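I opened the model to look up a few places in turn. These are my notes.

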Amino acid sequence: MQPQIAPIPKPHVDRSAVLSLQLTGFGYGTAQILGAIELKIQRGETVALVGPSGGGKSSILRICAGLEQPSGAKCRLRGRVSIVFQEPTLLPWRSLVENLTLTTGITRGAARDALAAVGLAGRENDFPGQMSLGQQRRLALARALAVRPDLLLLDEPFVSLDPQTTSDMMDLYDKLRDDYDLTTIIVTHAASEAERLATRIVTLGGSPAVITSDQNTGA
Ligand SMILES: Nc1ncnc2c1ncn2[C@@H]1O[C@H](COP(=O)(O)OP(=O)(O)OP(=O)(O)O)[C@@H](O)[C@H]1O
C-alpha cells in the first residue's frame with residue numbers, strides 16, 4: 001500500500017486586511033533578527049510597533065514596504081504603501097515643491113496642497129536645508145501622503161524633536177489621519193506616543209524577536 005502523504009498546508013493570507021504578513025524568520029547575514037511573525041493590519045488602524053532598540057521594528061517596516069523580501073515570507077498588500085524613514089531623505093538641491101513633484105509625479109498644484117496640509121504653506125520655494133528637522137519631517141510626510149497611500153509606514157516620526165514640536169507633530173498626524181483616512185504602522189520607542197496615537201499596540205520581544213503582545217487601546 002502506498003504511504004499517505006499529507007498535503008502541505010497553504011499559508012493563510014487574510015484578503016480583507018490592508019496588510020497581511022507572515023514571516024517564518026528574518027535576518028541579516030547569519031544574524032537572525034526576527035522569528036515567526038504574523039501581522040494583519042485592518043483599514044483605519046493606527047498600529048504602534050514597539051520594542052527594544054535593535055529588536056527588528058524597522059526591519060518589519062522595510063519588509064512591509066517590499067524593501068526586504070525574506071524567503072518564505074508572505075506579504076499581501078491591498079493598494080499602495082508609503083514609508084517615511086527616520087531621516088527625512090530629501091533632495092537638498094531642490095525646492096520643497098520639487099521635492100514632491102520630482103519624487104511622486106504629482107502636479108505643482110497638488111504639491112502646494114500637500115505642503116499646505118502639513119503646515120508648510122508659503123515655504124514652497126524654500127530648500128530643505130532652510131528648514132528645521134520638524135519641518136523636514138513634515139515635508140517627508142507630505143511626500144508620503146502625496147501618493148494617497150493605503151498603508152503609511154512611519155519609522156520613529158517624532159525622534160529627536162523637542163517636546164513642543166513632538167506634540168505639534170502628533171496633532172498634525174491626528175488631523176491627517178482623519179483627512180486622508182489613514183491606515184498606519186508607527187514605529188516608536190515612546191510609550192506615551194503609542195498610547196496617544198495608536199488604536200492598537202504591537203510589542204516585539206525576544207531574540208530573535210516575535211510578537212509578545214498585541215492589544216487594542218480602545219482609542
Ligand atoms: N542592513 C543591515 N545589515 C545588517 N544588519 C542590520 C541591517 N539593518 C539592521 N541591522 C541590524 O538588525 C537589527 C535590527 O535592526 P532594526 O533597525 O530593525 O531594529 P529596531 O528595532 O528598529 O531598532 P531601533 O529601535 O534602535 O531603531 C539590529 O541589530 C541592526 O543592527
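**Ground rules.** I am working with a predicted model, where local features need pLDDT of at least 70, side-chain atom pairs count only at pLDDT 80 or more, and totals for chains, interfaces and linings use all residues. I number residues from 1 along each chain as its sequence is written.

**Annotation.** I checked the UniProt record. The unreviewed entry carries "domain: ABC transporter" over residues 18-219. UniProt positions are in the numbering used here, feature names are shortened, and annotations may be inferred rather than shown by experiment. I then looked at that span in the model. The end C-alpha atoms of residues 18-219 are 19 Å apart. The span is 32% helix and 26% strand. I take helices (H or I, at least four residues) and strands (E, at least two) as DSSP runs, numbered from the N terminus.

**Ligand shell.** Which residues surround the ligand? I list Tyr28, Ile33, Gly51, Ser53, Gly54, Gly55, Gly56, Lys57, Ser58 and Ser59. Helix α1 (residues 57-64) gives the largest share, three residues. I sorted the shell by type: two nonpolar, seven polar and one charged. Here Ala, Val, Leu, Ile, Met, Phe, Trp, Tyr, Cys and Pro count as nonpolar, Asp, Glu, Lys and Arg as charged, and the others, Gly among them, as polar.

**Core.** I looked up the largest nonpolar core and found 52 residues in it. Such a core is a set of buried Ala, Val, Leu, Ile, Met, Phe, Trp, Tyr and Cys residues joined through C-beta atoms within 7 Å. Buried means 20 or more other C-beta atoms within 10 Å of the residue's own; exposed means 12 or fewer; partly exposed is in between, with C-beta atoms placed from the backbone. The residues with the most contacts inside the core include Leu49, Cys64 and Ala142. Helix α4 (residues 133-146) supplies the largest share of this core, seven residues.

Beyond its neighbours within four places in sequence, Leu49 contacts Lys57, Ile60, Ile185, Ile186, Val187, Val202 and Leu204. A contact means C-beta atoms, placed from the backbone, within 7 Å.

**Helix α3.** I asked which residues of helix α3 (residues 108-117) are buried. They are Ala111, Ala114 and Leu115. Seen down the axis of α3, its buried residues fall within an arc of 100 degrees, so they line one face of the helix. The arc is that of the directions from the helix axis to the C-beta atoms. The buried residues of α3 pack against α2 (96-104) and α4. Gly119 follows α3, with a positive phi near 85 degrees.

**Leu96.** Leu96 sits in helix α2. Is Leu96 buried or exposed? I count Leu96 as buried because it has 28 C-beta neighbours inside 10 Å. Not counting residues up to four places away in sequence, Leu96 touches Leu115, Leu120, Arg123, Glu124, Asp126 and Leu139.

**Gly35.** Gly35 is in the loop between β3 (31-34) and β4 (37-41). Gly35 is partly exposed, because 18 other C-beta atoms lie within 10 Å.

**Arg78.** Arg78 is in the loop between β6 (74-77) and β7 (81-84). Arg78 counts as partly exposed, with 16 C-beta neighbours inside 10 Å. Not counting residues up to four places away in sequence, Arg78 touches Val18 and Asp150.

How values were computed
A residue is near a molecule or strand if its C-beta atom, placed from the backbone, lies within 6 Å of it. Two residues are in contact if their C-beta atoms, placed from the backbone, lie within 7 Å.
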